[in-house]
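I opened this one with a notebook beside me. Here is what I looked up, in the order I got to it.

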Amino acid sequence: MSMTGAEIVVRCLQEEGVEHVFGYPGGAVLFLYDALFKQTRVKHVLVRHEQGAIHAADGYARSTDKPGVALVTSGPGVTNAITGIATAYMDSIPLVILTGQVPTAAIGQDAFQECDTVGITRPCVKHNFLVKDVRELASTIKKAFYIASTGRPGPVVVDIPKDVTTHQCDFEYPEKVAMRSYNPVVKAHSGQIKKAIQVLMEAKRPMVYTGGGIILGDAAPQLTRLVRLLGLPCTNTLMGLGGFPATDRHFLGMLGMHGTYEANMAMQHCDVLLAIGARFDDRVIGNPKHFFEEPRTIIHIDIDPSSISKRVKVDIPIVGNVREVLEELLRGLEASKARPDEEALKTWWTQIELWRGRDCLKYDHTSAIIKPQSVIQKLYEVTGGKAYVTSDVGQHQMWAAQFYKFDEPRRWINSGGLGTMGFGLPAAVGVQLAHPDSAVACVTGEASIQMCIQELSTCKQYRLPIKVVNLNNKYMGMVRQWQEFFHGNRYAESYMDALPDFVKLAESYGHVGMRIDKPEDVEPALIEAFSRKKDLVFMDFTTDQTENVFPMVPGGKGLSEMILV
Amino acid sequence: MRHIVSILLENEAGALSRVSGLFSARGYNIESLTVAPTEDATLSRMTIVTSGSDEVIEQITKQLNKLVDVVKVVDLSDGEHIERELMLVKVRAIGKDREEMKRMADIFRGRIIDVTDKDYTIELTGTGSKLDAFLKAIDRAAILETVRTGASGIGRGDRVLRA
């Protein structure tokens, strides 16, 4: 049956089982919007800025195991989307972004709303396409979904000139994709897995360190089984939280720049490190030279070969799908009776418990001013640890990561790699749409929230009962903290004067606003907010302006050189 | 250390910029880069001469392999290989220098492919160092223009790179 390009795009989305497309219309995508209008299976979610569309699709993808889909127009539609695309790329989130382009004949003519989308997005996508022939549209979209969601996932852009959306051809959606140039590794080398088991069995001070790969690879159950089977200590990166239950005694908390004392010390002093779906980045291991002052054997499981031996030299590399590898590792372990040296492990745990006893996350519980940590702690209690929590970037993000104990994967949604302020609210839009009956909290600060505040309007349009937890200290808190520690208390441009009245602001968007100034009001406010199942509630907490995030590994320092409270 | 990396990639619009963009984004060196379609018109063959520590070269090959348009990557420096570069040099050739220049071209097995009453254009093929040697051997002031292709490389014997 002959169809227009626009109809083909919509049919492809239907074939892929896409529920929501996050987007914003414009000249180059009018035919696509017309085709969307004529059907009901794929629901379009209208955001207020294209950055919000990508973050919302991203939040949707992170909280499900499905790729997120966004649709934006050419030129400024695309450039507005770049921050969102780069955010998804840094955290390996599967997205398909459809972008309008000026008609093929106008490409290169500096046409109205033209930009070189393939060129501009190239450094921040897994792959991109410009479709110049309507006959290649369906197969390209199929490839886009395939590339986005296989191997190490990532965003894929499909740029579609306006005339291509009007051209006609027969529609046929390919069932399979075969690409000679793209064949991600799935199955790992069995010999390497055997070697890994042997090294683990000989370990005296073993440690498991896992990242976003466990979440993206849906390998949390396998990881949990492995850690419990061997009785190993386990830490998660910021991206990996929820990969292992935070309330399990084997869990040492997050590691890295604002990781716990026990996680960082154990990471530094272990003799065998099992790294899974993590990439040893600068915020995780601190100064690599210092990290290598302690000898240890590193086993690294990752789906992306280029993540292995990139920043640290790895002894046993295992390239493969983390879930499959862990399954094979578990089969090997369960078949043999060999276990790590019990005595050595006991001694190691005794040491770890000493470190844990340092209680590195302690803070003043008697303060007359609201401590931001206490808000997160109460949020955790009030939601029973079951909420989906999105966050922006800064101190509030670190406190959320430290104090909300995630027992399940895909509950903690934040921009770890790019560190995008403005991510939290639009991401929550995608999360709430994916999980309409679940509690969704957006932990943010008065600086971050203003970067995508316009999405409060989207929340109203789709009746999304998100709970915004605004930790308002009137400072860009993390900037202020660095200025206090490293720039002689000179708070250059980090104080936000002339803040809006967030309660009135929320109300003007049609939401419920609350201001909470006293510690004793924190819990009742949260209880009330979460009991309002149909309302978005914006809670503006006036928090301690001087509070800092501890522990802290200063830039360039080693993991064990933490500043402690 | 100098490495010569051979890449087989889809002959698609933008494939070259994906490779060159990768090198600039990650701060890798490109000494030279040559690319042209192969006997199979859907594939291009690229040769990149680069330099870096073993770790950097390992990352370069891994990152190249990660590009969706790249079919295969091989570091030719890992084994026996041949590399050749083509150079065209326009030199002044007047009076007694005319004979001397012809002689030098012959010694280096170059060919004179264009002649006027004032100059020669010499075509020279070889390794980069041979081309350098030729330029050193002739009078520098006589050189009017040079153009070099950069190295192309191929494995020796049964070392074959194909899709």
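This is a predicted model: local features need pLDDT of at least 70, side-chain atom pairs count only at pLDDT 80 or more; totals for chains, interfaces and linings use all residues.

Residues are numbered from 1 along each chain as its sequence is written, while chains are lettered from A and ligands numbered from 1 in the order in which they are written.

Next I looked up the angle. Helix H1 (residues 5-15) of chain A packs against helix H6 (residues 137-149) of chain A at about 30°, the axes being 9 Å apart. Axes are lines fitted to C-alpha atoms, for helices over the stretch in contact, and angles run from 0 to 180 degrees between N-to-C directions. Helices (H or I, at least four residues) and strands (E, at least two) are DSSP runs, numbered from the N terminus. H1(A) and H6(A) are therefore roughly parallel (under 35 degrees).

Then I turned to chain B. I found an open sheet of 4 strands in the order S2-S3-S1-S4, with antiparallel pairing (strands pair if DSSP finds at least two bridges between them). Its edge strands in chain B are S2 (32-37) and S4 (70-75), each pairing on one side only. S1 (residues 2-10) and S3 (residues 43-51) of chain B pair antiparallel over 9 bridges, and Arg2(B) stands opposite Ser51(B) in S3(B).

Last, I checked where the chains meet: 12 residues of chain A contact 16 residues of chain B (C-beta atoms, placed from the backbone, within 7 Å).

Technical notes: Two residues are in contact if their C-beta atoms, placed from the backbone, lie within 7 Å. Angles under 35 degrees count as roughly parallel, over 145 as roughly antiparallel, 65 to 115 as roughly perpendicular and the rest as oblique.
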